[in-house]
Amino acid sequence: MATSGTTQTRTTPPVLNATQMERYARQLILEEVGIRGQARLLRAKVLAIGAGGLGSPVALYLAAAGVGTIGIVDGDRVDLSNLHRQILHTTQAVGQDKTVSAQRTLAGVNPEVTVVPYQTVLTSANALDIIREYDVVVNGSDNFPTRYLVNDACVLLGKPLVDASILKWEAQATTFLPGRGCYRCLFPTPPPPGAVPSCAEGGILGALCGFAGARQALEVLKIVLGVGETLANKLLIFDALEGETRVVRWSRSPECPICGDHPTIHELIDYEQFCGMPAHDRSAAAVGPIPEITPEEAQALLANGAVQLIDVREPWEYEDAHIPGCRLIPMAEVPSRLREIDADNPAIIYCRSGGRSGKIVTMLRSAGYGKAVNLRGGILAWSNARLPTE
Ligand SMILES: [Zn+2]
């Protein structure tokens, strides 16, 4: 008894230093935040999927509020046409990796925050490992395969997911808390390919992205602080042109294939196949000169079967080391052996570092092999990713 009494009277070291007290002063005086809430924010780890129109305001507000660790997943580079809405990035950053640009901007806003960059596309192969490290996930992706992927990964790992989407003049936002339903409960099936236009096709105002992203940031802060009512089981729909806001209530579906009473999905699946569309920024889909995939994406496709893997190097290179399951068709022989390649199924073409295979992909595509893709970085990148060779 005497010992515990002594402990209680001893002064504990301050949770926040003088700089932090000043930096966060205006939110500290909110009774729902206070020093204890600020300490929670500083300890929190939040993952933003995408450093684009939604991810930008999300990351900026979370960094400014002192969320201690912010992970950012994005495989894109900054494009001039991004800047009117993706306010993390500056004109000087055009051409740079988005995660690098984001890290620099956020360090300027709040150097106390640790930004963890993942310059990669989120895939079934890497999603669980990345998401597992975080307390809350914010979805800022603009394509359906990634939305379903992030949802399923969050359900499987029991992570809260703050979702939002924007199209033309409309923004939607909702929150999925573990045990209270998921994206599949709300949207059981993806829309048919091409039914929903992208930002590149439909157009978007940056300020609307800011509205939706700020709404997501608010959700994250409330979840971390454990205060107030979140958007769980509520879909907020904002029509910016009419200035109208609606809230549609939704609930967990007992029939949901992943969070329902009798789930049938127990691991991540092939989301491009499920949605019938590619899992990258739809605005960039048609622009890339040579369609490429990363070693991790290739591995995920191969694990799913129904994909051809073709090595276009020379036989001696093949003998030295090759990717299991590949077929050797040396570059010079491809034109005369086209019949050996099935045009109806995806074909991953690789060489040593991606140069020769890139040329073959271009040739194949012009010959009607629309599903041929290049393995970015070739077998060197594959090995660097610690994937098996034989
Ligand atoms: Zn569900």
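A: Axes are lines fitted to C-alpha atoms, for helices over the stretch in contact, and angles run from 0 to 180 degrees between N-to-C directions. Helices (H or I, at least four residues) and strands (E, at least two) are DSSP runs, numbered from the N terminus. This is a predicted model, in which local features need pLDDT of at least 70, side-chain atom pairs count only at pLDDT 80 or more, and totals for chains, interfaces and linings use all residues. Residues are numbered from 1 along each chain as its sequence is written.

Q: At what angle do the axes of helix H5 and H6 cross?

A: Two packed helices are described by the angle between their axes and the distance between the axes. Here the axes of H5 (residues 55-64) and H6 cross at roughly 35° and come within 9 Å. The crossing of H5 and H6 is right-handed; a crossing is left-handed if the near helix is turned anticlockwise from the far one by less than a right angle, and right-handed if clockwise.

Q: Which residues of H5 and H6 meet?

A: Two residues are in contact if their C-beta atoms, placed from the backbone, lie within 7 Å. Ala59, Leu60, Ala63 and Ala64 of H5 meet Ala102, Leu106 and Val109 of H6. By class, this contact has seven nonpolar, no polar and no charged residues. Ala, Val, Leu, Ile, Met, Phe, Trp, Tyr, Cys and Pro count as nonpolar, Asp, Glu, Lys and Arg as charged, and the others, Gly among them, as polar.

Q: How are H5 and H11 oriented to each other?

A: Angles under 35 degrees count as roughly parallel, over 145 as roughly antiparallel, 65 to 115 as roughly perpendicular and the rest as oblique. The axes of H5 and H11 (residues 206-225) cross at roughly 40° and come within 7 Å, so the two helices are oblique to each other. This crossing is right-handed. From H5, Ser56, Pro57, Val58, Tyr61 and Leu62 take part, and their partners in H11 are Cys209, Gly210, Gly213, Ala214, Gln216, Ala217 and Val220. The contact has eight nonpolar, four polar and no charged residues.

Q: What is the strand order of the open sheet?

A: Two strands pair if DSSP finds at least two bridges between them. The open sheet has eight strands in the order S3-S2-S1-S4-S5-S6-S7-S8, and its pairing is mixed. Strands S3 (114-118) and S8 (244-249) stand at the edges with a single partner strand each, so one side of each lacks a neighbour in the sheet. From one strand to the next, the twist averages 15°.

Q: In which sense do S7 and S8 pair?

A: S7 (residues 234-239) and S8 pair in the antiparallel sense over six bridges. Isoleucine 237 has arginine 246 in S8 as its bridge partner, and aspartate 239 has glutamate 244. The two strands form a hairpin with four residues between them, and glycine 243 in the turn has a positive phi of about 70°. S6 and S7 also pair in the antiparallel sense, over four bridges.

Q: Which strands does helix H8 lie across?

A: H8 (residues 144-157) lies across S1 (45-49), S4 (136-139), S5 (161-167) and S6 (170-176), and runs at about 170° to S4.

Q: What are the domains of the protein chain?

A: Domain bounds come from an automatic or database domain assignment. The assignment gives domain 1 (2-273) and domain 2 (289-384). Their centres, taken over C-alpha atoms, are separated by 36 Å. Seven residues from domain 1 and six residues from domain 2 form the contact.
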